[in-house]
Amino acid sequence: LGLRTLTIAHKCCEKVGIDIDDIDPNDPSIYNELQNFNYPMGLFQISAPTNFKVCQTVKPKDLNELSDVVALARPAALDQVENYIEQKNDPKPLDLHPELDLILSWSKNVILYQEQIMQIAHKVFGLTLEEAETLRRIVGKKKVEEMPKWKEKIFASGRERGLSEEVSIFYWTTLEASAHYSFNKSHSFAYADLAAKTVFLKQNHSKEFFLS
């Protein structure tokens with residue numbers, strides 16, 4: 001992607017004599033700043049109104065959580081912000097299925113990424129990797145009209161594997177919402193990495209950042 005922010009960040013780094021790749025996106029000072037976050041101007045992704053609100057609510061403490069903020073601030077995932085916060089503040093397993101718990105353990109029990117959709121399809125519901133990839137493509141390309149024909153397949157696969165109806169409903173509800181928009185993990189982490197670095201530059205080199 002051609003991003004204006006990359007140009008700004010690189011110009012700022014040139015002015016202060018540092019390499020953008022030397023900025024640690026997990027630097028604690030970045031996340032200290034995001035705990036009481038009121039001034040988003042110039043920050044990649046999290047300056048957008050919806051993302052800003054999600055970031056203020058989540059208060060990310062590391063790059064993983066900042067990536068989750070980027071993924072949560074999408075039409076398919078916004079309804080999950082409350083569940084995410086609840087799990088962040090009081091962590092507990094879903095207790096629906098051991099493999100499901102494992103797949104969702106690093107995203108606060110919320111299905112946020114296309115990779116998780118594929119993993120659940122394959123490891124929990126027993127779909128082939130080809131079928132899991134087809135589901136991912138439907139979600140990734142927002143092919144909403146193709147979702148209904150998968151409903152019976154998901155529920156039938158759940159019954160065949162002895163899963164509770166609750167597991168199938170949990171997965172299908174997320175799939176339906178995700179068909180409107182869902183991030184892949186590498187895309188979201190790359191965005192979060194750049195967002196974190198703009199926070200660092202604005203915080204530590206504000207004059208050069210705004211000049212750039």
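Predicted model: local features only at pLDDT ≥ 70, side-chain atom pairs only at ≥ 80, totals over all residues.
Me: What does the C-alpha trace span along its principal axes?
Reply: About 60 × 35 × 25 Å.

Me: And what percentage of the residues count as buried?
Reply: Of the 212 residues, 47%. Buried means under 20% relative accessible area, exposed over 50%, and partly exposed in between, with a 1.4 Å probe and protein chains only.

Me: How many residues are in the largest nonpolar core?
Reply: The largest nonpolar core has 41 residues. A nonpolar core is a set of buried Ala, Val, Leu, Ile, Met, Phe, Trp, Tyr and Cys residues joined through side-chain atoms within 4.5 Å. Those with the most contacts inside this core are Leu34, Ile46, Leu66, Leu72, Leu112 and Leu201.

Me: Which helices supply at least two residues of this core?
Reply: α1 (4-16), α2 (28-33), α3 (49-58), α4 (63-72), α5 (81-89) and α11 (185-204) each do. α11 gives the most, with eight residues. Apart from this core lies another, of 24 residues, among them Leu96, Val139, Met147 and Phe155.

Me: Back to Leu112. What is it in contact with?
Reply: Leaving aside neighbours within four places in sequence, Leu112 is in contact with Asp68, Ala71, Leu72, Ala77, Tyr84, Ser107, Ser182 and Phe183. Contact means heavy atoms within 4.5 Å.

Me: What happens at the start of α4?
Reply: A side-chain oxygen of Asp62 reaches to within 3.2 Å of the backbone nitrogen of Asn64. That is a polar contact, meaning a pair of N or O atoms within 3.5 Å; within protein, one must be able to donate a hydrogen and the other to accept it, and residues adjacent in sequence count only if both atoms are side-chain atoms.

Me: Where is Gln35, and what does its side chain reach?
Reply: Gln35 is in the loop between α2 and α3. Its side chain reaches the backbone oxygen of Pro60 at 2.9 Å. Beyond four places in sequence, Gln35 is in contact with Lys59, Pro60 and Lys61. Gln35 and Lys61 are 26 residues apart in sequence and 7.8 Å apart in space, C-alpha to C-alpha.

Me: New topic. At what angle do α9 and α10 pack?
Reply: About 155°, with the axes 9 Å apart, for α9 (residues 148-160) and α10 (residues 165-178). Axes are lines fitted to C-alpha atoms, for helices over the stretch in contact, and angles run from 0 to 180 degrees between N-to-C directions. α9 and α10 are therefore roughly antiparallel to each other, a label for angles over 145 degrees.

Me: Which residues meet there?
Reply: Pro148, Trp150, Lys151, Ile154, Phe155 and Gly158 in α9 meet Glu165, Ser168, Ile169, Tyr171, Trp172 and Leu175 in α10. The buried residues of α9 pack against α8 (129-140) as well as α10.

Me: Is Ser168 buried or exposed?
Reply: Ser168 counts as buried, at 2% relative accessibility. Not counting residues up to four places away in sequence, Ser168 touches Phe125, Ile154, Phe155 and Gly158.

Me: Last one: what is the phi of Gln45, and of Asn109?
Reply: Gln45 has a positive phi of about 65° although it is not a glycine, and Asn109 also has a positive phi of about 65° without being a glycine. Most residues other than glycine have a negative phi. Gln45 is in the loop between α2 and α3 and is buried, with a relative accessible area of 16%. Asn109 is in the loop between α6 (98-103) and α7 (114-124) and is buried at 13%.

Methods: Residues numbered from 1 in each chain as written. Heavy atoms only, no water. Helix = DSSP H or I, 4+ residues; strand = E, 2+ residues; numbered from the N terminus. Parallel < 35°, antiparallel > 145°, perpendicular 65-115°, else oblique.
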